[in-house]
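Dear colleague,

My notes on what was found in it follow directly after.

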Amino acid sequence: MSARKRKHVYGPVPSRRLGRSLGVDLVPYKVCPFDCTYCQVGRTTVHTDRRDAYLDADEVLAEVREALAAGPECDYVTLSGSGEPTLHADLARIVAAIKAMTDVPLAVLTNSALLSDPAVRQALLPADLIVPSLDAGDAETFARVNRPCAGVTFDKVVDGLKALRREYAGRIRLEVLLVAGLNDSDEQVAALRAAIDAIGPDAVELNTVTRPPADDDARAVAPDDLERIRRALGPKARIVAGYTGADAVAGDVTGDDVLALVRRRPCTIDDLTAGLRCHRWEAEKVVAALQAAGKVTREDRAGRSYVLTRGPGD
């Protein structure tokens with residue numbers, strides 16, 4: 001199975017937090033309990049907290065096994081991608097099977113919406129790293145930033161994070177995504193600090209809007225304000241830096257390879273170069289051909305040019 005034929009596994013892609021990450025989709029685009037204003041994947045198409053076997057678990061695992069054997073090497077296998085991975089009903093079996101097939105650490109990126117479910121927390125226990133999200137310290141801000149589906153509340157999210165901390169022996173790196181004018185005021189940051197202190201993560205990673213978001217008016221928090229918030233959130237907090245990537249090597253990159261990445265998230269040419277291990281000119285050439293065919297667009301944000309397409313289609 002070539003990389004271009006994989007439907008559920010992509011990369012490795014360059015990650016600011018995880019180095020070279022082999023991404024694994026467990027739900028179709030874009031099944032999620034949230035419809036976050038800042039989401040780089042785009043607007044939620046199936047807004048739900050219902051767990052189900054959205055994708056065939058055996059097919060997903062076969063793709064992971066093939067991708068690991070084919071290379072290139074990765075720093076993490078990461079459950080993330082086009083929606084919320086904990087929605088998959090076979091999450092426990094998938095986590096256990098990946099841990100059994102490789103020594104590469106397993107990371108799970110989750111928006112925390114389902115952590116109040118004991119079955120979800122139990123399924124995550126074998127993972128090497130969990131990166132959950134919390135973008136608000138009160139219910140009103142939570143509703144404005146994350147736009148949860150019915151049944152998912154701020155209190156349930158925080159209680160689920162507290163329970164995960166009690167039960168999980170591995171590292172928890174809590175991500176906070178800040179949007180200018182939505183969750184960056186002194187009062188909101190103070191409430192967020194109180195919630196974080198009650199949860200007790202190992203680290204707090206501050207992020208802001210960089211890639212093109214779901215809502216055009218979602219704006220990045222300025223660097224000086226990020227630093228102010230970092231200090232206010234305490235010694236565990238750090239600002240997530242941009243990923244610089246490894247040195248590129250010559251490759252044989254196709255349009256399908258590029259589409260497999262930008263369908264999941266907007267990428268700069270540097271992202272594509274690092275993720276696909278190709279020369280910059282090669283990535284530029286393929287992107288230009290995809291633009292001419294109407295399959296991708298380019299969008300400038302904060303002085304960087306992103307390649308993107310919305311949704312799983314071309």
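**Notes on the model**

Strands β11 (residues 297–301) and β12 (residues 304–308) run antiparallel and are joined by five bridges; strands count as paired if DSSP finds at least two bridges between them. Helices (H or I, at least four residues) and strands (E, at least two) are DSSP runs, numbered from the N terminus. D300 has S305 in β12 as its bridge partner. Two residues lie between the strands of this hairpin, where A302 takes a positive phi near 55°.

This is a predicted model, in which local features need pLDDT of at least 70 and side-chain atom pairs count only at pLDDT 80 or more, while totals for chains, interfaces and linings use all residues. Residues are numbered from 1 along each chain as its sequence is written, and side-chain values use heavy atoms, with hydrogens and water left out.

**Confidence**

The average pLDDT of the chain is 89, and 93% of the residues score at least 70; pLDDT is the predictor's confidence in each residue, from 0 to 100. Over residues 241–251 pLDDT stays under 50, and the model has 22 contacts beyond four places in sequence for them. A contact means heavy atoms within 4.5 Å. Where pLDDT is low, the predicted coordinates should not be read in detail.

**Nonpolar cores**

The largest nonpolar core has 74 residues, and V24, F34, L79, L91, I98, L134 and L233 are those with the most contacts inside it. Such a core is a set of buried Ala, Val, Leu, Ile, Met, Phe, Trp, Tyr and Cys residues joined through side-chain atoms within 4.5 Å. Buried means under 20% relative accessible area, exposed over 50%, and partly exposed in between (1.4 Å probe, protein chains only). Another core, of 18 residues, lies apart from the largest one and includes L261, C267, L272 and V287.

**Helix α7**

In helix α7 (residues 223–233) the buried residues are L226, I229 and L233. Seen down the helix axis, they fall within an arc of 65° (taken from the directions from the axis to the C-beta atoms), so they line one face of α7. These residues pack against β8 (171–178), α6 (186–199), β9 (203–208) and β10 (237–239). The exposed residues D224 and R231 are carried on the face turned away from the buried side. G234, with a positive phi near 100°, follows α7.

D25 is in strand β2 (residues 19–25) and counts as buried, at 4% relative accessibility. A polar atom of the D25 side chain lies 2.5 Å from the backbone nitrogen of S82.

E205, in strand β9, is also buried, at 1% relative accessibility. Its side chain makes polar contacts with the side chains of R173 (2.9 Å) and R238 (3.0 Å). A polar contact is a pair of N or O atoms within 3.5 Å; within protein, one must be able to donate a hydrogen and the other to accept it, and residues adjacent in sequence count only if both atoms are side-chain atoms.

**Backbone geometry**

The peptide bond from G11 to P12 is cis, with omega near 10°, and P12 is found in strand β1 (residues 9–15). The bond from G71 to P72 is cis, with omega near 0°. S112, although not a glycine, has a positive phi of about 80°, and S112 is buried with a relative accessible area of 0%.

With kind regards
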